[in-house]
4 protein chains.
Amino acid sequence: MRELDRADPAGAVAAAAKRCSNWGRWGADDVLGTLNFLDDAKRREGAALVRRGASLSLAQSFDANGPQHGWRRRTNPVHTMLDTGLDAERGVQGFPHGIGGADDVIFMPLQASTQWDGLGHIFDHGMAWNGRRAGDVVTSLGDSVTGIETAAAHIAGRGVLLDVGRAFGVDGELPDGFPITAEHLDETIAAQGESARVGRGDLVCVRTGRLARARREGWGEYAGGPSPGLSFTTADWLHAAEIAGIATDTWGFEVRPNEFDEAFQPLHQVVIPHLGLFIGEMWDFDALAADCAADGVWDFFLTAAPLPVTGAVGAPVNPIAVK
Amino acid sequence: MRELDRADPAGAVAAAAKRCSNWGRWGADDVLGTLNFLDDAKRREGAALVRRGASLSLAQSFDANGPQHGWRRRTNPVHTMLDTGLDAERGVQGFPHGIGGADDVIFMPLQASTQWDGLGHIFDHGMAWNGRRAGDVVTSLGDSVTGIETAAAHIAGRGVLLDVGRAFGVDGELPDGFPITAEHLDETIAAQGESARVGRGDLVCVRTGRLARARREGWGEYAGGPSPGLSFTTADWLHAAEIAGIATDTWGFEVRPNEFDEAFQPLHQVVIPHLGLFIGEMWDFDALAADCAADGVWDFFLTAAPLPVTGAVGAPVNPIAVK
Amino acid sequence: MRELDRADPAGAVAAAAKRCSNWGRWGADDVLGTLNFLDDAKRREGAALVRRGASLSLAQSFDANGPQHGWRRRTNPVHTMLDTGLDAERGVQGFPHGIGGADDVIFMPLQASTQWDGLGHIFDHGMAWNGRRAGDVVTSLGDSVTGIETAAAHIAGRGVLLDVGRAFGVDGELPDGFPITAEHLDETIAAQGESARVGRGDLVCVRTGRLARARREGWGEYAGGPSPGLSFTTADWLHAAEIAGIATDTWGFEVRPNEFDEAFQPLHQVVIPHLGLFIGEMWDFDALAADCAADGVWDFFLTAAPLPVTGAVGAPVNPIAVK
Amino acid sequence: MRELDRADPAGAVAAAAKRCSNWGRWGADDVLGTLNFLDDAKRREGAALVRRGASLSLAQSFDANGPQHGWRRRTNPVHTMLDTGLDAERGVQGFPHGIGGADDVIFMPLQASTQWDGLGHIFDHGMAWNGRRAGDVVTSLGDSVTGIETAAAHIAGRGVLLDVGRAFGVDGELPDGFPITAEHLDETIAAQGESARVGRGDLVCVRTGRLARARREGWGEYAGGPSPGLSFTTADWLHAAEIAGIATDTWGFEVRPNEFDEAFQPLHQVVIPHLGLFIGEMWDFDALAADCAADGVWDFFLTAAPLPVTGAVGAPVNPIAVK
């Protein structure tokens with residue numbers, strides 16, 4: 001494991017970015033980043049994993065009872081009704097022949113609940129994925145280059161659950177501040193066996209147990225607060241593995257507090273703009289983990305197509321695992 | 001084909017509801033309706049259809065350039081930025097070590113673009129799916145019984161595209177006001193061959209070509225206006241086929257104008273509250289249709305899991321077909 | 001002071017409603033309630049109070065840093081930009097001859113910050129102001145009878161500040177749970193002198209100091225939590241005084257916790273549906289109070305016209321006092 | 001009247017900006033622009049105009065039936081209910097002792113209906129009011145310098161209605177494309193008499209009749225389309241008059257189409273960033289105009305305090321005229 005100089009996040013980011021950069025790997029016009037690793041063969045491999053036909057949603061709820069508390073205007077979703085069954089019963093809707101309806105709207109930050117970060121979500125010193133200027137990519141009109149819609153059709157393939165919480169935690173839960181290293185990932189894979197192997201084009205699901213704790217104890221500081229998560233030192237592992245995407249059951253993917261004295265999400269700063277890696281956050285792996293532990297099979301067909309909001313830098317998703 | 005009395009939509013609705021009702025079929029507490037037909041075996045069958053590994057999104061865009069024009073407060077999605085690349089470049093975000101970010105929010109009617117209608121979306125004389133009072137199901141707090149989250153994990157299985165536009169239209173497009181009957185559906189199936197067979201638990205995709213026309217000519221009255229669509233008379237076919245769900249590339253699933261002198265979406269009034277049928281609207285089948293026509297294979301693995309907005313009576317979805 | 005039976009809020013509400021009802025007082029079609037007391041003569045009286053020409057806003061801020069924390073989906077306002085100066089500088093807006101612009105949108109509960117309650121905001125046993133059924137007044141389409149727009153032109157007249165916090169508090173602040181009684185109001189008036197007299201058609205501003213404390217200590221439980229406020233027993237005083245409206249610097253107007261064992265805002269239940277009284281909440285009287293204490297003049301010309309959102313049951317307002 | 005070179009809007013803007021600039025007039029830190037002209041004396045003068053005590057709202061409605069059609073994501077307001085009278089009647093709200101409630105939220109562009117433009121709304125070649133860089137003023141976090149809240153307490157004073165539609169139109173309405181020049185303004189003042197004089201610190205209301213036509217014929221292209229309005233050539237008049245603000249009953253204040261071959265709102269480009277002038281749009285002067293014509297008095301006390309949305313570059317307002 002690489003040693004970190006806690007006083008120099010900028011230096012660590014720069015060095016990791018240099019080691020792990022994928023800029024130019026898929027041409028100057030690329031908008032897919034690591035999704036380039038997810039090809040038709042990988043989708044065939046994923047589909048072949050469907051043995052029982054059981055489907056599980058990996059999404060948290062989208063509602064006002066979520067973990068957000070307004071940091072940088074990230075609120076919980078507010079869902080309101082345009083029409084209801086009460087209106088229909090009362091006969092105030094003005095429709096003919098007894099038909100009535102209910103309809104609804106939502107206001108929500110696109111990263112309020114289960115989501116994918118788009119490649120326009122994070123910048124390093126004003127630079128976005130593939131070496132573009134951040135302001136050439138994302139303006140007030142949205143992300144005109146790597147908007148999430150460019151990824152919309154791609155994210156279906158082989159998913160692999162790495163239950164690090166089960167492997168290294170107590171009762172399946174890692175403590176806050178626990179940095180998951182490459183060694184933890186490799187040992188979890190080894191412990192789980194052949195179906196947990198991780199390779200090029202895979203969609204990796206890392207369970208920490210943080211959501212299970214929030215579910216039991218209340219949201220508390222789930223959003224933005226202390227959490228287990230990926231160590232900054234995994235940048236090289238993530239790069240070398242050539243995975244298509246990675247998701248966790250935490251708010252912010254990385255270990256929190258971050259592993260430098262003064263820092264904010266330094267691993268994001270490497271893996272999104274430099275690797276072009278797709279990161280999923282606030283996923284719910286608890287039911288899937290129980291299922292995998294029961295049958296000993298840790299891979300599955302995963303469809304996790306984000307809602308194609310034009311120009312979005314992240315988007316909600318209802319990921320479906322079929323085993 | 002059953003003859004319709006154009007002057008009596010209420011009578012036609014009542015008669016069809018009586019013939020086709022599934023109330024009680026899955027018990028008094030059921031919230032899944034026709035999704036009960038979609039079982040693990042059907043998902044295995046669907047996954048086995050993945051031959052090439054090609055994935056296609058069947059979603060329209062979610063943005064301000066959509067077809068909505070405010071009918072009953074249904075606007076197009078409004079997507080705005082909380083942070084942009086320009087802010088990051090300018091250094092006004094207050095983050096350390098050179099990290100910058102972009103973030104965004106959305107306001108949208110849940111049925112503004114590609115969506116599933118939930119079972120709480122439509123009522124018949126104040127009654128909702130399975131014989132519940134509409135006001136016992138959907139209040140201002142949302143659908144507390146059949147909210148779309150109850151369907152969230154289920155909708156993955158065998159999809160079948162019926163390109164009725166190709167079979168009966170001109171250049172692949174049916175004219176506005178064209179009622180698609182059971183005969184049209186059966187003949188399309190026959191013409192397309194074995195891979196287009198429709199049965200219990202399938203997710204049926206009916207292409208009319210209406211979206212292709214809107215794409216070419218502009219939205220015009222796409223939302224709410226004249227359109228080809230399912231004939232009211234297909235209620236019995238939809239019931240007998242025991243399909244899990246059906247989606248079209250039109251705003252409102254049914255033919256518009258409706259087939260009665262004064263009417264509003266009478267087929268909805270039968271199939272949602274009485275059959276418990278899941279209806280998808282505003283899907284985009286054009287790329288899929290071209291692909292199917294090219295390889296002659298009309299079925300595929302379809303994952304179309306709606307965003308699980310708690311209590312929603314409909315929800316956006318990015319359906320993914322894998323062939 | 002009337003004694004309250006803490007165990008019987010329903011009985012107390014019923015009795016007060018009976019004593020204080022204004023139903024029918026201004027005809028069966030009335031939508032203005034106590035605003036009927038605010039006539040042209042009162043506006044002339046108010047305008048004549050302008051001596052120095054100083055104007056003060058009595059509004060709190062409307063932004064994400066407000067007191068709301070999501071109770072019943074009441075969030076703080078979320079204000080986002082459609083265009084910014086950074087976009088204009090970068091030249092990405094597409095406008096000719098060097099013009100650039102910024103534009104913005106807001107999502108907010110109408111009672112998120114400084115506001116007037118409309119007459120459709122509160123019901124007593126399903127009955128609204130003037131004896132109408134609640135569901136005949138407010139449906140999912142809004143308040144079709146007493147929507148706030150009906151009051152939009154009326155609320156300008158003589159304002160009177162009663163600084164009860166100054167009269168009975170410590171350092172100008174009443175403690176949480178302090179019930180302001182009719183005696184407190186009368187003694188404050190007496191202490192403040194002739195300019196503080198309250199009568200028919202006046203707009204009464206009651207300062208408790210609760211906002212000053214929140215400003216100093218942080219919002220904490222300002223929204224919905226413990227607070228000084230009007231005692232339930234003031235219903236008769238409010239009725240007899242024939243005031244046009246009353247506002248406080250607290251979240252909920254009434255003392256919190258309420259003065260019954262199990263209760264929620266019982267004074268609202270009397271004064272909105274039965275008196276037809278306009279209640280303002282979350283106003284900011286601190287600058288005004290300092291000004292009034294300095295010059296010894298407690299009345300002023302007050303314009304507090306709510307934003308005329310059609311069908312709203314409450315609306316934001318920027319009240320302006322001119323002295 | 002100054003001649004315009006229709007081919008050179010940039011040159012005309014530059015020249016007018018040079019002639020009319022108020023940069024530095026009130027110091028380098030100024031955020032009020034022409035509101036500096038509105039002082040206490042002017043407010044006393046305004047209050048003294050209240051003779052009858054009649055109050056009139058000058059606001060249009062805020063609802064889904066407004067003129068917006070989505071240009072640059074400017075939609076009409078969407079007002080939805082969190083709770084309704086139907087819910088209260090049904091007893092599903094969970095409140096004790098028979099109390100029930102209705103509550104609501106809104107989503108709206110801040111300039112969707114009657115509004116003031118803030119000083120951060122328009123830029124000239126990337127420069128904002130008083131010589132600041134646009135991007136130093138308005139970022140994705142809002143206008144941190146001249147946000148509308150800085151004006152919130154100030155806008156109460158002497159209002160003057162200039163009914164140019166009545167003076168120069170047919171049936172009180174100017175045709176689309178009619179440029180209102182300084183001569184039209186002066187002649188309207190002369191025709192209306194002494195009470196219509198305009199001077200330093202006044203709030204000038206210019207009625208064109210455009211709203212009356214929209215009210216009669218439907219919104220059509222009211223938002224953004226052809227309209228009577230101020231001529232570009234009035235920049236000098238607006239500067240010399242030292243008014244505090246000016247409002248019209250049109251969408252965009254200026255004549256549309258603009259008076260250059262290719263242009264977009266060139267008068268805005270001069271008067272907002274260079275004069276620091278407050279512009280009101282989409283006000284409703286029809287009832288006021290009828291009242292003024294009837295009594296021959298064209299000035300009044302005007303309170304038009306914008307909703308203090310922190311950092312807003314424009315804000316909704318319910319202006320109240322008291323005569």
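## Tour of the chain interfaces

Elements here are DSSP runs, helices (H or I) of at least four residues and strands (E) of at least two, numbered from the N terminus. This is a predicted model, in which local features need pLDDT of at least 70 and side-chain atom pairs count only at pLDDT 80 or more, while totals for chains, interfaces and linings use all residues. Residues are numbered from 1 along each chain as its sequence is written, chains are lettered from A and ligands numbered from 1 in the order in which they are written, and side-chain values use heavy atoms, with hydrogens and water left out.

**Stop 1: the strand pair across A and B**

**Stop 2: the whole A–B interface**

Now show both sides. On chain A, 93 residues are in contact with 93 residues of chain B; contact means heavy atoms within 4.5 Å. The size of an interface is often given as the accessible area lost when the parts come together. Chains A and B bury about 7200 Å² between them, with 61% of it on carbon and sulfur atoms. That area is the accessible area (1.4 Å probe) that the two parts lose on being put together, summed over both.

The rule asks for a side-chain nitrogen of Lys or Arg within 4 Å of a carboxyl oxygen of Asp or Glu. It finds six salt bridges across the interface of chain A and chain B.

Next, select Arg133(A) and Glu89(B). Their side chains also form a salt bridge (2.6 Å, N to O). This pair crosses between chains: Arg133(A) sits in strand E8 (residues 132-133) of chain A, and Glu89(B) in helix H3 (residues 85-90) of chain B. Over all chains, the structure holds 124 salt bridges.

Between chain A and chain B, 53 residue pairs are in polar contact, both residues at pLDDT 80 or more. A polar contact is a pair of N or O atoms within 3.5 Å; within protein, one must be able to donate a hydrogen and the other to accept it, and residues adjacent in sequence count only if both atoms are side-chain atoms.

Which strand gives the most to the side of chain A that touches chain B? Strand E4 (residues 103-109) of chain A does, with seven residues. Colour that side by class: 45 residues are nonpolar, 31 polar and 17 charged. Here Ala, Val, Leu, Ile, Met, Phe, Trp, Tyr, Cys and Pro are nonpolar, Asp, Glu, Lys and Arg charged, and the others, Gly among them, polar.

**Stop 3: the axis**

Superpose chain A on chain B. A rotation of 180° does it, with 0.0 Å of shift along its axis and an RMSD of 0.0 Å. The two copies are thus related as by a two-fold rotation axis. Centre on Phe107(A): in chain A, its C-alpha is the nearest to the axis, at 2.2 Å. Of the interface residues of chain A, 100% are also interface residues in chain B, so the copies meet through the same surface.

**Stop 4: chain C against chain A**

Move to chain C, where 19 residues are in contact with 19 residues of chain A. Chains C and A bury about 1700 Å² between them, 54% of it on carbon and sulfur atoms. Select Arg73(C), Arg90(C) and Ser140(C): they supply 34% of the area that chain C buries against chain A, more than any other three residues.

Two salt bridges are counted between chain C and chain A. Zoom in on Asp136(C), which forms a salt bridge with Arg90(A); the closest N and O atoms are 2.9 Å apart. E2(C) gives the largest share of the side of chain C that touches chain A, five residues.

**Stop 5: backbone details**

Finish on Arg256(A) and Pro257(A). Their peptide bond is cis, with omega near -5°. Pro257(A) lies in the loop between strand E15 (245-248) and helix H9 (266-275) of chain A. Last, click His97(B): its phi is near 45°, a positive value in a residue other than glycine. His97(B) is found in the loop between H3 and strand E3 (99-101) of chain B. Most residues other than glycine have a negative phi, and most peptide bonds are trans.

Notes: Copies are superposed by least squares on the C-alpha atoms of residues with pLDDT of at least 70 in both.
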